[in-house]
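Please walk through this structure with me, one chain at a time. Keep the sequence and the 3D view open as you read.

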Amino acid sequence: MMLARVADSLYWIGRYVERAEHLCRLSDVMLTATLDRTESATQIARIALAAVGDPDDAGKARNPYEAALALVLDREDPGSVASSLARARENARQVRDQITTETWERLNLIHLRMTDPRAPQAFADGSQAFLHDTIADLHLFKGAADATMSHGEGWRFLLLGVYLERAQLIGALLEVCFGDRNRRAINDHSALTGLLRMSCALEPYLRVYTADMQPTFILEFLLLDEDFPRSVRFCTARIEEHLSSLSRHVEAAGLSAPDRLAGRLRARLQYAEIGEVQASGSSAFLGAVLDECAAVHRQVYETFVAYTLEQRLPA
Amino acid sequence: MELGVAKDQASDRADETVASAGPYDEMRDAGGGVRPHYVALAERLQTLSADELAERQRTLERFFLLQGITFTVYGAESSTERIIPTDLLPRIIPAEEWKTIEAGLTQRLRALNMFLADIYSGQQILMDGVVPRDLVLMAPSYRREMQNLYVPHGAYANVCGSDLIRQPDGKFAVLEDNLRVPSGVSYMLANREASKRVFPGTFRGAGVRPIDRYPDLLLTTLKSMAADWRPNPQVVVLTPGVYNSAYFEHAYLARLMGVPLVEGRDLVVHDNMVYMRTTTGLRRIDIIYRRVDDDFIDPLTFRRDSGLGSAGLFNAYRAGNVVICNAPGTGVADDKAVYAYVPEIIRYYLGEDAILPNIETYLCREPAQLSHVLANLDKLVVKAVGASGGYGMLVGPHSTKAQQDEFATALRADPGNYIAQPTIQLSTAPCLIDHEIDARHVDLRPFILSGEKITVTPGALTRVALRKGSLVVNSSQGGGSKDTWVLTDRKDLQP
């Protein structure tokens, strides 16, 4: 049993933290690419910016440093790393009684670093180091949550947020790279490794497919791999796992739960085959996955948070 | 709470003729020798360099920052978070003195609870003329809605934080009672956590009485207020929300008690039962430790514009389906005018003299006292009865003639609304200020719990006026706090 408002906050902490981590990684890859040839640097920056839904990806991609700086530290932009972390921390403050001190401290520390007046200077002095530290701290946050929080309802809401967000972020990134809209197929070697780095997938990919960089393999890996924690399939399996656990209590109260949608989503990915996905168009498949993620989100809300009182009042 | 501001001692010491009227020094006696209970700390401080002290101060501040024990300062451009200034050096109270404080506070709260039970039922004390009837019934904090309502154990003020000050003669006196929603207990607990980290060696040998049972005792107290037929009562802490300056404390207490922290929007009242919205539906609540003022708990009963409480909450309370702690209407017993009668109230109900004295208080409603106040406006502190937080206050020695005239007019127009007290020299304790140890004025806020029985936690929040010479300890006006060590009686220790 937990307060609906608290579950909502924990869920959003998970989403914001995951979003912040993903954005840090995109920025990092964008900046690292500028160290090499300029041509692919622009392409990588376009991929990253398009994946976060920036309408002016082509324009901003010409100056990856400025774009990355804004993506990370712009407090005016509600989608930036700093804003995401501020919201995660604000949510954590509202449920301070529900998360352990160890977990809170990690998140508070990251937030303090982001809002430190010296943060822009630190970013300018060594953006890679700054982003690397932030990502490492976010891993510590998740580790602290895993190691110190009870793996009960609250923790599951947190992870539900993490995995739903991750599935949607990776899905959006794949859509940019492999969707039908994308006229110029990505087959440049540095762009392909860039994509794997954005998903933190380079080393795990190499172990499965060796250094053979094939767009199809990469799509298959990021979409359908069973064990890689950032593949969409892996995320949907976790979403289903957490949701069905959360739903048990609701079902005990005689209400329908949203785990049917999550099960269908998981099955869609579990039984997909890369050849079929490509034959019928990657966009159609990715679109369906993203739509179902959004539907799961809506139903989580209707079931756990924003339910109408009429259904729940004692007779 | 506001204290009178005396002349700045630093600059005025030269023309102070009476040395004995100076403030009581917590650490040193009149001859300059270190008092026995401060010896261990004084010796420890001797061995620490200024750098080492500064390092410890940084450790302390980092602890508060990491824990998120901060308040937000809203600026024009952006808002920043600051920690509440916390002083490194503990304030120490010997066992013998604490016994008096404990007995005095227990006696006082017993009598005040009896007073509340009386004025909200038969009003015997008013009929006997011990306290003027209009003083109580006309007070804005008196709640007619509470009349003839059963409160278990007669415990109206379940959590009380009284402000004590030590007078120049070394005796503690009560400056103010806080029976509504007293705050600061989280700082008492957090200061202790921090000081254990900063002074582990000194702490270990000092025989400091532990205070970490407070959350446990609070929960026991709250549960003792539940109806007998609800065996496993659901307790919650009700907070105004994350923007309240005491939000950290609300979350802290909820976490340490292991109970949900709810906001008004989490509550639903249906058929005079109070529920909270959980992920699996509505769940009934039995006891609400509310950190929301009376005015805001129920828009149907009190202020209609309140968005902090829950509509119908008070009716559920009257129906006996939920307990609100502290009970609404307790504010009438810490009213500034009623305060003057507390020694009488203690004598009336308990037949005892007050163990902890009051500060001398002039009630301007009495013509003789009014004329005394008017003649001495430059020396006294005048306070409006209904106001708090330093509003509607005149600090005589620090006021201009124009301000005094303004107050004189107000006093004559509505004398019943004012009281006056002499400006009091608070005691001083050593503090670390700009890397040096210097004396600052302090007060003392212990916390008393009352349910089935009354318990005084052996510790307190010591508030510090960080500005040199200042007597104002409020955090909003440059006040800070420090850990307070209550020592174990050596006689109580096993040999």
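Among contacts in chain A between residues at least 6 apart in sequence, 69% join residues at least 24 apart. Two residues are in contact if their C-beta atoms, placed from the backbone, lie within 7 Å. This is a predicted model, in which local features need pLDDT of at least 70, side-chain atom pairs count only at pLDDT 80 or more, and totals for chains, interfaces and linings use all residues. Residues are numbered from 1 along each chain as its sequence is written, while chains are lettered from A and ligands numbered from 1 in the order in which they are written.

Chain A has 17 helices and zero strands. Helices (H or I, at least four residues) and strands (E, at least two) are DSSP runs, numbered from the N terminus. The radius of gyration of chain A is 20 Å, close to the 20 Å that the globule rule gives for 315 residues, so chain A is as compact as a globular protein of that length. That radius is taken over C-alpha atoms, and the rule is 2.2 Å times the number of residues to the power 0.38. Along the principal axes, the C-alpha atoms of chain A fill a box of roughly 70 × 50 × 35 Å. Of the 315 residues in chain A, 50% are buried. A residue is buried if 20 or more other C-beta atoms, placed from the backbone, lie within 10 Å of its own, exposed if 12 or fewer, and partly exposed in between.

Take one residue of chain A as an example. Ala48(A) is found in helix H2 (residues 38-51) of chain A. Why does Ala48(A) count as buried? Because it has 31 C-beta neighbours inside 10 Å. Ala48(A) touches Leu26(A), Val29(A), Met30(A) and Met198(A), leaving aside residues up to four places away in sequence. The C-alpha atoms of Ala48(A) and Cys177(A) are separated by 9.8 Å, yet these residues are 129 apart along the chain.

Now turn to the interface. In chain A, 22 residues are in contact with 20 residues of chain B. Several helices of chain A each supply at least two residues of this side, including helix H1 (4-33) and helix H13 (232-252). The largest share, four residues, comes from H6(A). By class, the side of chain A that touches chain B has twelve nonpolar, three polar and seven charged residues. Ala, Val, Leu, Ile, Met, Phe, Trp, Tyr, Cys and Pro count as nonpolar, Asp, Glu, Lys and Arg as charged, and the others, Gly among them, as polar.

Chain B has strands. Three of them form an open antiparallel sheet in the order E4-E20-E21 (chain B). Two strands pair if DSSP finds at least two bridges between them. Strand E4 (159-161) and strand E21 (454-456) of chain B are the edges, each pairing on one side only. E4(B) and strand E20 (residues 447-450) of chain B pair over three bridges.

Strand E7 (residues 235-238) of chain B pairs with E12(B) in the parallel sense over four bridges. There, Val235(B) has Ile287(B) as its bridge partner. E12(B) also runs parallel to strand E13 (residues 323-325) of chain B, joined by three bridges. Tyr289(B) stands opposite Cys325(B) in E13(B).
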